[in-house]
Amino acid sequence: MSDKFVAFDDIVAHVKHLLKTLESFPDKIDRLYLVRDLFGKVRVSLSDAFEEDESCREPLQRLASSLHEVLGAHGYPVEDAVLFVDASLLKNLDDAAQKIHPGVYWIDRLVTGSDWWTVGDVCLKRKAARYTLFSVKGGVGRSTTTAILAWHLARNGKRVLVVDLDLESPGLSSAMLDSDRQPEFGVTDWFVEDLVGQSDRVIEQMMAAPQWAQDFDGDVRVVPAHGREPGEYLAKLGRVYMDTAAPWTIRLGRLLKRLEADFEPQVVLLESRSGLHDIAAATVTDLDAQVLLFATDSASNWTDYEILFQHWRRRDLARQIRERLSIVSALTPELDTERYLQGFRERAWDLFRDCLYDDVASSGDSNDSFSFDLQDEGAPHDPLTIHWTRGLAAGTSLRDLERTTVEQAYKRFLERFNVLMEINDYGETS
């Protein structure tokens, strides 16, 4: 092992440089994987079909020896650096594999964070419009906004399904439903019963209609994180995210499809867990939803979003996710509002321009580019604005909110959301 220090952040750059200096591998090895394991150490993996192939032995040992020398403590000794794996197991890794050199693919084996590494495909056959409400920080009004969006859409004739996926901090249903209207079961119950084949026994007792929506032209159904009695909630929560025959994100998609089939909503609102955990990733990347990114104009918020956006850019996922994103200015202050929003817009534009927008200046092609000027209205960086008001800050339940309070805080936000709905071909809501 080399005595030089190689930091974790420098591993990929060292590996890419190394691959350019090595001779090519035999043509028969069409896919070779470099796997960074849970300890941050890099191994070579390829199909066990080559394990006894003498023509492959020398180039593989040369690669293993070079990795051992270049990566320092992040490399394995030559005798441990090559793993021959069943081809079917390797194929399961392809969705998370990133091509870094002709025939060479990079994979990170993670405890958490892996769901941020892929973006699910758009489903053209799905009838309902899905919207995920996400934030990197808590306490920015996602639950309140989810409830008010449901109120707004139902008043304007829409059938709305609201699903509380903030399982670590449940509470959306208490803001929307009276205690006597809470359903028997919730999302956590479905997941634990699904483990033993009983999900169909609870699915029909997971949705409830709020009292305040009964006179609206539309309709609302709420699916809470837990049922009327939380019961052994922590014990259930510890089993929600288990991967069985299918990853839990696939199971989550199956739950949503079943709920949508039963209620036939036009709009589905998903309140996501906050932060950069896998659980939030599923609601942002895997459920084919438009994503409302809640933020305040603070350095920590912009730094956290930059971490996520730069990750998408490095993984070549920007083109797949960027058209789904819209930034939300949450908790916009009552005083000096326009100055605050101008600063917010500038920092949002810097973030999107540097990480997700196309660089028109370098490419010279602006016809089909995904790029926007600072003042472009309706661009992903142009904020949907929610104003801070004392009526909402008091934590009042939606059941008790005055219409004037909602309009004072959400007028600009709802106007922009109506436009967003029209852009996505889901009809007028104004």
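Colleague: Which residues touch the most other members of the largest nonpolar core?
Modeller: Those are Val162, Met176, Val220, Leu292, Phe413 and Phe417, out of 37 residues in that core. Helix H15 (residues 403-423) gives the largest share, eight residues. Bear in mind that this is a predicted model, where local features need pLDDT of at least 70, side-chain atom pairs count only at pLDDT 80 or more, and totals for chains, interfaces and linings use all residues. Residues are numbered from 1 along each chain as its sequence is written, and side-chain values use heavy atoms, with hydrogens and water left out.

Colleague: What makes a set of residues a nonpolar core?
Modeller: The members are buried Ala, Val, Leu, Ile, Met, Phe, Trp, Tyr and Cys residues, joined through side-chain atoms within 4.5 Å. Another core, of 32 residues, lies apart from the largest one and has Val119, Trp302, Ile321 and Tyr357 among its members.

Colleague: Why does Leu133 count as buried?
Modeller: Its relative accessibility is 0%, and buried means under 20% relative accessible area, with exposed over 50% and partly exposed in between (1.4 Å probe, protein chains only). So Leu133 counts as buried. You'll find Leu133 in strand E6; strands (E, at least two residues) and helices (H or I, at least four) are DSSP runs, numbered from the N terminus.

Colleague: What is Leu133 in contact with, leaving aside its neighbours within four places in sequence?
Modeller: Contact means heavy atoms within 4.5 Å, and the partners of Leu133 include Arg142, Leu149, Leu270, Leu292 and Phe294.

Colleague: What makes helix H9 mostly covered?
Modeller: Eight of the nine residues of H9 (residues 278-286) are buried. Among them are Asp278, Ile279 and Val284. The buried residues of H9 pack against several elements, including strand E6 (129-135) and helix H8 (248-263). Just after H9, Asp288 takes a positive phi of about 50°.

Colleague: Why are H6 and H7 called oblique to each other?
Modeller: Helix H6 (residues 187-194) and helix H7 (residues 233-240) pack at an angle of about 60°, with their axes 9 Å apart. Under 35 degrees would be roughly parallel, over 145 roughly antiparallel, 65 to 115 roughly perpendicular, and the rest is oblique. H6 and H7 are therefore oblique.

Colleague: Which residues make that contact?
Modeller: From H6 come Thr188, Asp189, Phe191 and Val192, and from H7 come Tyr233, Lys236, Arg239 and Val240.

Conventions: Axes fitted to C-alpha atoms, helices over the stretch in contact; angles between N-to-C directions.
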